[in-house]
Amino acid sequence: QVQLVESGGGLVQAGGSLRLSCAASGRTFSMSPMAWFRQAPGKEREFVAAASRAGGSTDYVDSVKGRFTISRDSAKNTVYLQMNSLKPEDTAVYYCAADRGIYAYGAVPPRAEQRYDYWGQGTQVTVSS
């Protein structure tokens, strides 16, 4: 049974940093896309960042480019999201997701929710002004 477990959320002041972790179990995702999505109150869930595979291509929504960094540790089967210069508009529940497909290093990871097969339970990130 595949499980994704997020951690690292919390309350932080604007301008601060947080590092989210998502540990996968049940199968390896070292050659498969893993991503972060978020859902703010009253809004639809949106794509934040993705990595096609460990050491592969990455993609970010424009609003977090230059502030957030997605990374992978294949040995730990874990994906991270380093969030710097946080803003109140980054407040949301952050979800980790994984695709069961195998991707080449140059392939662009998907942004669509429907492309991801496994999801974590979410972790709350609150940024105060």
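In the predicted model, Phe37, Phe47, Tyr116 and Trp119 come together as one aromatic cluster, and the structure as a whole holds four aromatic pairs. One of these joins Phe37 and Phe47 in an edge-to-face arrangement, with 5.8 Å from centre to centre and 80° between the planes. Because Phe37 belongs to strand E4 (residues 34-39) and Phe47 to strand E5 (residues 46-51), this pair ties together parts that are 10 residues apart in sequence. Phe37 and Phe47 are both buried. Phe37 also pairs edge-to-face with Tyr116, at 5.6 Å centre to centre and with 75° between the planes. Tyr116, like Phe37, is buried.

An open sheet is built from four strands in the order E1-E3-E8-E7, and its pairing is antiparallel. Strand E1 (3-7) and strand E7 (68-73) form the edges, each pairing on one side only, while the twist from one strand to the next averages 15°. Between E1 and strand E3 (residues 18-25), the antiparallel pairing extends over five bridges; Gln3 has Ser25 of E3 as its bridge partner.

With a threshold of 30 Å³ or more, one cavity is counted, and the space within the largest cavity amounts to about 30 Å³. The lining of the largest cavity consists of Phe29, Ser30, Met34, Arg72, Asp73, Ser74, Asn77 and Thr78, a set that divides into two nonpolar, four polar and two charged residues.

Notes: Residues are numbered from 1 along each chain as its sequence is written. This is a predicted model: local features need pLDDT of at least 70, side-chain atom pairs count only at pLDDT 80 or more; totals for chains, interfaces and linings use all residues. Side-chain values use heavy atoms; hydrogens and water are left out. On a 1 Å grid over the protein atoms alone, a cavity is a set of points where a 1.4 Å probe fits but cannot get out, and a pocket is an open set with protein on both sides within 12 Å along at least five of seven lines; lining residues have an atom within 4 Å of a point. Grid points are joined across faces, edges and corners, and a volume is the space filled by probe spheres set on the points. Ala, Val, Leu, Ile, Met, Phe, Trp, Tyr, Cys and Pro count as nonpolar, Asp, Glu, Lys and Arg as charged, and the others, Gly among them, as polar. Two strands pair if DSSP finds at least two bridges between them. Helices (H or I, at least four residues) and strands (E, at least two) are DSSP runs, numbered from the N terminus. Axes are lines fitted to C-alpha atoms, for helices over the stretch in contact, and angles run from 0 to 180 degrees between N-to-C directions. Rings of Phe, Tyr and Trp (its six-membered ring) pair if their centres lie within 6.5 Å; planes under 30 degrees apart count as stacked, over 60 as edge-to-face and the rest as tilted. Buried means under 20% relative accessible area, exposed over 50%, partly exposed in between (1.4 Å probe, protein chains only).
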